[in-house]
Every structure is written in C-alpha cells, then in structure tokens.
Amino acid sequence: MLFTSFAFFVFLPLVLAVNAATPARWRWAWLLLASYVFYAAWEPFNLLYLGVVTVVVYGCGRGIALASSRGLRITLLVAGLAVVLGLMVAFKFYDFLIGELEQIAGIARVLPRLGVATPVGYSFYAFCAVSYLVDAYAGRLAPERHAGNVALYVAWFPKIFAGPIERATTFLPQLGSALRATPEQTVAGLQLIGWGLFKKLVIADNLAPLVDRSFSIAAYATPVDLLLSVYFFAFQIYCDFSGYTDIAIGVSLLFGISLMENFRRPYLSASTAEFWGRRWHISLGRWFRDYLYVPLGGSRIGPVRRYVNLMAVFVVSGLWHAGLGYGVGWTFLVWGALNGLYQWAGVATGPVWRRLGARLPRLAASTPLRVLRVLLTFHLIAVAWVFFRAASVGDALLILERIGSGLWRMPGLLLRYPFSVDHYLGLGLIALLVVLEILDERRSIWQRLAAAPVALRWAVYYAGIFALLVLGRWQAREFIYMQF
Amino acid sequence: MTHPRKTALLFVAIGLALYAGVYYAAERQMYRTGDANPFFKIATAAEEDFDWVILGASHAMPLDFEDFNAKIERATGQRILNLAAPGAGPLYNRFVLEHFLDRRHTDNVLYVLDSFAFHSSTWNEERFADAKLLRRTPFAPALAWHLTSYSLQEGVDALAVLDYVSGFSKINNRDRFQRDVWEGEAQFDRTHRPSAAADRKRIDYLYPSPEADPAVFARYRDVFTSLLDTAERAGVRVVVVKMPVPARFHRLLPEEPAFDQAIGRLLLNRGIPIHDFSLAMDEPRFYFDTDHLNRAGVTAFLSDHLGPILRGD
C-alpha cells in the first residue's frame, strides 16, 4: 500500500479510529495487526520474511539477555546477524553475481538462480533488526520481554518501507505511552504529511518523466537535456525520499510515536561530510557510523585506517543501495566509492580550511564563501547521483562526458533550448523548494506558520492542498527508496 | 461545539467551497478543449436525430479524425455520430449506447468489431476507470447514476464512480489546456513502415493474457448480446463491420477464426449483417501505424466499402 494511494487514505483514518476506540493496553496489538495488513497489501508472501526477522530479533535478543557466558552471547549475536544480513545479501546479490560470473566465464546460464526479488522494505527493517541485536549485545538496550512490542518495532507501518531506520532505544520506550497523539502532535503530523505529499507528488513526480526520458536515451539526448536531467534528478530523489520520510514521521505522530528526523535541508550543506553526516538520510548515516565506522576503529587508530574506514563505509553504503529501483549493478559501487573519495578529499583539505578560518575568520564565515561551498558540494553530490541513476557505469560516464564536452557552449545552448511547460514547472518548483529551505534554515517554516495570522496560515494550507489536487501526479508512482 | 471543532469545520467548509469553484472551472475548461470523448460528443451534439451512430474501439476512430466525419456525411447523405473510444470493448460501448439512447436517437448503429476487446477486462471494466476518458467526460447526474449502476452490477471499480462524481481527473488533468484528440490523429497523414517487432508488441498490448479464457470471452459475448438487445428494444438496426488490417497483422491475431465463427453465429441467429473487411486492404500505404487506417486508407475504405453500407446500397 502506497502512502499516495486511495487505499491508504481509507486505511489511515480507519486505523486511527479503531486505535482510539481500543483500550490503551491493547493498542500495540491493533497497531501490529494494522502494520501487517499494510505490509501484506503489497505482497502477502513478504510477511514470511518479516516474520523470520522478527522471530530472530526477539529470540536472539532474549537469548543475549539471558545468556550466562560471553561466548554464548557472541554466538547468538553472530547467528542473528547471519540470518538477517545473509538473507539481504542473498536477495540483493546472489542472482546478479551468478550472472556476472557466468558472463566472465563465458558460459551459458547454467548455475541455479534464487529468482526472488528483495522483499520491499527488507533493507530497512533488516537494519533496524541489526541495530537491535548489536545494542542488546553491547548493553545499550535491555532486550524487550514483550514479543508484541518487538514485532511492532520491526513492522511499524509508517517506517517499514523506507525508514527512518529508528533505533529500538528510542522507539520501544514510546510503546509504554497511550499511543495516542496530543493535539500538537496531530497538527504537526498533518503538516508533515501534507508537505511530504507535496514533495513527492508535486515536485518529485513532475520531475521524474523529464529525468527518465533523458537518462533512457543518454546517447541521443542533447547536453542541455542531460544537464537539466542531472539537476532535476538531484531534486527528484531528494523530494521522493524526504517526502516519504515526512509522511512516515507525520503518520507516526498521529499515533503519538515520534520517529527521528531523517533529512535536514541537505542541499544547503557546505561540505560532503556535512551532507552525509548531518543532513541526508541521517538515520542511515548514524547507523553506518555506530555499527560499521566506529567498530572498524573510526578515526581513533590512525590516519591511514581512518581513510580505509571511511571508504569501507561508503562502499558498503553503495552496496546497500544496490537494487534500488534502478537495478543491481556496478553503478552503486562506483557511487559509493566516489562519495568515499569526496570524504578523503574533505579529510585531506580539512587542515587547509581550518588554517584559513584561523587566519581570515571574517572571510571563512562570510556568506559568499558559504554559498560557493554549498554550490560546490551540491555539484559534487549531483555528479555522484549520475552513477546512482544511470543504467550502467558506461551510461553514467557517457552522460558526464557529453555534459562536459558541451559545457563551454552551454550558455548559448540554454538560450536556444526549447523549454517546455514541464521544464518551467519543474524549475519553478525547485526554486520554491530552495527558497522555503533557506527560510527554514534560519527559522522553522512551521514556527513561522504558527506565528502567522490565521488567514495567511490557512491560505498556505489551501494553496498546498490545491497544488496537490491540480498539479500532483497521483498515478501511483512508487517511492524510489521503497525498492532498496 | 468546542472551539477547535468549530475551527476544523470552518476549515473544511471553506475548503469544500474552494473545491467547488475549482471543479466548476475544470468543467468549463473541459468544454473548451473537449472533442473526441464519446460522452462529450453526446452532450454537445447539435442534432437530436442521427442516421448512424458508430461504436467500437480505436480502429473506428480514424473515421472521425479531423473533418472526416463531415466528409463521410457529405459522401453518403447520412447524419453520423462517431462514438468510438480507444480500447473500448463491448461493455464500455454498451454503456455509451445506453447513454446515447437516453438523450438522442439514431436509426442505425455501425458496430466496429474487434476480437481483442472480447478477451480482457482491460478493454471493458477497466476502461471506465481510465483517467484519460474520465477527465473529458462532462458531468451529468444521469451519467453518474448510470455509472453507479455499472459499478454495482457489472464490476466497474467504485473508484471510477468516485473519480467521476468528484471531478478529480478533470481537476488533475495535465492536458487541461490541450484539445482532446487521440494521439493517433496526429499521425493521420503518415504511412507506416511494416515492422514485425512493432506488430508483435502491438499484439502483446492488445491481448494482455497470452491464453484466451473461454469464460472471459463468454462474458463479453453476453455483454455484446445485451448491447444488441438494447439496440433492438430501441428500434435501432445494427450493422457489424470488421475494419481492414494488414494481412501480416491479421495473421498474428490469436484465435481469430474461432472468434469470427462464434460471433458470426451469434449475429446470423439474430439476422444482423456482418461485413468482414479484415483482409480487404493489405497495402502498407493505407496505415499510419501497425493496424490503423490513415487518410488514404479511410478515403479508400469509404469509397470502396463503407459508403455503400451507410447509404444502404
């Protein structure tokens, strides 16, 4: 069931109404049932994988809590991780690697295939499961006795398809509350749902056809087409994914459950480290930091290990993203490695920036320099997105080569380019988004709205709702990250 | 009533009023750009009585491309209303005919028969939910009621009713400022270069289920029979034709002889004439794509085959 489908707009009020009528101590059961219905509506068979992960998380978690020896605790942790991550690796890569192997060996299709697509959302609830087991082993989390609560943590429907990758340490304590929203949570939840729908249906889905067209004919599209598509894709994927997250957080708030912030105006980052560390897919960044980068030694062991660890995190992140809508291919590995290289460059040039800041503090803090850094960071990220979106590494290189070769002629080409209504709409929506994000960076848009006169506030709400009705693409296009 | 509840009601009330305004504007805009939709044609037809109404799917649509309907009227001396719609099977055509007969009158129906339309719900129940058709269908309470009855009795998706009544597809119409023409009309003057791959792709599109399901065929045969009953009750004579298609395309049609035999028997029993022109015009110069007549094709078809039928020669 998609957040943008009619079924969901029937499902959500129904779940809310029954939840309100259910005694507080049984609400977990109702919400668990609703979560399973929500997940099964996509593909009932996928409940099997969700069930396996839930049983493993609960069983190994309880085992770790009750185990008398460290050896047994390690065994349980490794066993749990092996099942959860092993399934993910098998789903994502087995068929792809077998195919590549056969191609390299020059043999026909002889090796057996799994023929099973990764269950929708698996990567997300698998990472929740991993964090639960590792936190239980490390003593950061007291494994939950209540199996229903663990099941609800894994399956909670607003986050099951595409996160945020919530930690059990923040999620489980909230299940002890009434599981009903306060009026403030209801207002905030509805605002986030509306904003998320706007980002997804009005911005991302109006940009998508323009992006799809150019990327599908990379060899024939003009350099201007390709350049516009690269910019448009940067905003498409941002609005698609952050739109999903906003809706997920908003829906969760309607039940009184707060999920973590996952995006913080990422294209206003002044460095790629800031982009990945503090603004884009924050829950995944923290997950990699806590469960991969730090256990590998982080930056504590020495400069060389720091570089290796950074690259390891981004390569693994690339692999995790493989299979997301645009197929399983080497592009994701290149995308991860390229972002790893950006981090290397950031670490290597860090001392230069610090010296500059010490010698010329006014220049370092000036708005023009900040704007320049933001633009540079955005373009670095946009170049990496080309590998994320392209059908193959060859296609990605072709796109970048064609844009690069036409770059010096670009002003003239842009003046003669036959912009369509859809181009103008896309550019206008991006401009609106950037303006709102810049305003939001200084002071929250929601705070500004709350302080505004009622007439202005309502006008904004109506404008948003009618933009959704008039400009939204409601033809059930999936969220990109659901397919990871 | 508490203050927050009053505020919420006021917000909803203003929202509904705004929605009504947007709905009205979308409906007006639909009348400005409407053209090919069968319900639009029924609602805006200048005349009450026609000699012929043409029903069918996209193969019948070139007969009304640009000013061809007027040309056919001049050539035959008949008043003709072409109500064909892309991908429309017998269920959708029966719905169109029933609505037409509620509003207007015709002496004859020319039904353009296509076997693919009897093989899948895609071309029948699901056509009612197509936003491209709904966004060009004028609102009429009688039509809403009619659609509701189809939802209850024929398995048409209730969302189609909701969409139609709420006007959502009209409000959300991306092509709201463009004239309502089927994409084939823009290619009317082209000549198609035969391609086996294109033929195959087209057949796969028209027959989404690789295996013909006898129960599905029986269902739409019965629907077609009830369409004939509807015409008969209204005193309307029905003539059935099969439009020409290239021979290489015809060879790919799955189980066409069995279809011809079954429908031929049905029509024979009712004394309804069927004119099979499937293989009458094989030359590629008559088609703008794999299976639709272009301007030269319609001109030749009119003079050699259709004209005499419409004139009753």
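A:L179 sits in the loop between α8 (168–171) and α9 (183–216) of chain A, with helices (H or I, at least four residues) and strands (E, at least two) taken as DSSP runs numbered from the N terminus. Its phi is near 55 degrees, a positive value in a residue other than glycine. This is a predicted model, in which local features need pLDDT of at least 70, side-chain atom pairs count only at pLDDT 80 or more, and totals for chains, interfaces and linings use all residues. Residues are numbered from 1 along each chain as its sequence is written, while chains are lettered from A and ligands numbered from 1 in the order in which they are written.

- A:L179 is buried, with 21 other C-beta atoms within 10 Å; a residue is buried if 20 or more other C-beta atoms, placed from the backbone, lie within 10 Å of its own, exposed if 12 or fewer, and partly exposed in between.
- A:H281 is not a glycine either, and has a positive phi of about 40 degrees.
- You will find A:H281 in the loop between α11 (272–279) and α12 (282–293) of chain A.
- A:H281 counts as buried, with 24 C-beta neighbours inside 10 Å.

**Chain A as a whole**

- Chain A has 21 helices and 0 strands.
- The radius of gyration of chain A is 23 Å, which agrees with the value near 23 Å for a compact globule of 484 residues; the radius is taken over C-alpha atoms, and the globule rule is 2.2 Å times the number of residues to the power 0.38.
- Along the principal axes, the C-alpha atoms of chain A fill a box of roughly 70 × 65 × 55 Å.
- Buried residues account for 40% of the 484 residues of chain A.
- Of the contacts in chain A between residues at least 6 apart in sequence, 75% join residues at least 24 apart; two residues are in contact if their C-beta atoms, placed from the backbone, lie within 7 Å.

**Chain B as a whole**

- Chain B contains 13 helices and 5 strands.
- With a radius of gyration of 21 Å, close to the 20 Å from the globule rule for 313 residues, chain B is as compact as a globular protein of that length.
- Helix α1 (residues 3–33) of chain B has 31 residues and spans 45 Å from its first C-alpha to its last, close to the 45 Å expected at 1.5 Å a residue; the expected span is 1.5 Å times one less than the number of residues.
- α1(B) is hardly covered, with 2 buried residues among its 31 residues.

**Nonpolar cores**

- The largest nonpolar core has 120 residues, and A:V53, A:Y125 and A:V154 are among those with the most contacts inside it; such a core is a set of buried Ala, Val, Leu, Ile, Met, Phe, Trp, Tyr and Cys residues joined through C-beta atoms within 7 Å.
- Helix α10 (residues 223–253) of chain A gives the largest share of this core, 18 residues.
- Apart from this core lies another, of 71 residues, including B:M61, B:F100, B:W182 and B:V245.

**Where the chains meet**

- The contact draws 9 residues from chain A and 7 residues from chain B.
- On the side of chain A that touches chain B, helix α21 (residues 454–471) gives the most, with 6 residues.

**Confidence**

- The model scores ipTM 0.83 and pTM 0.88.
- Chain B averages a pLDDT of 93, and 99% of the residues score at least 70; pLDDT is the predictor's confidence in each residue, from 0 to 100.
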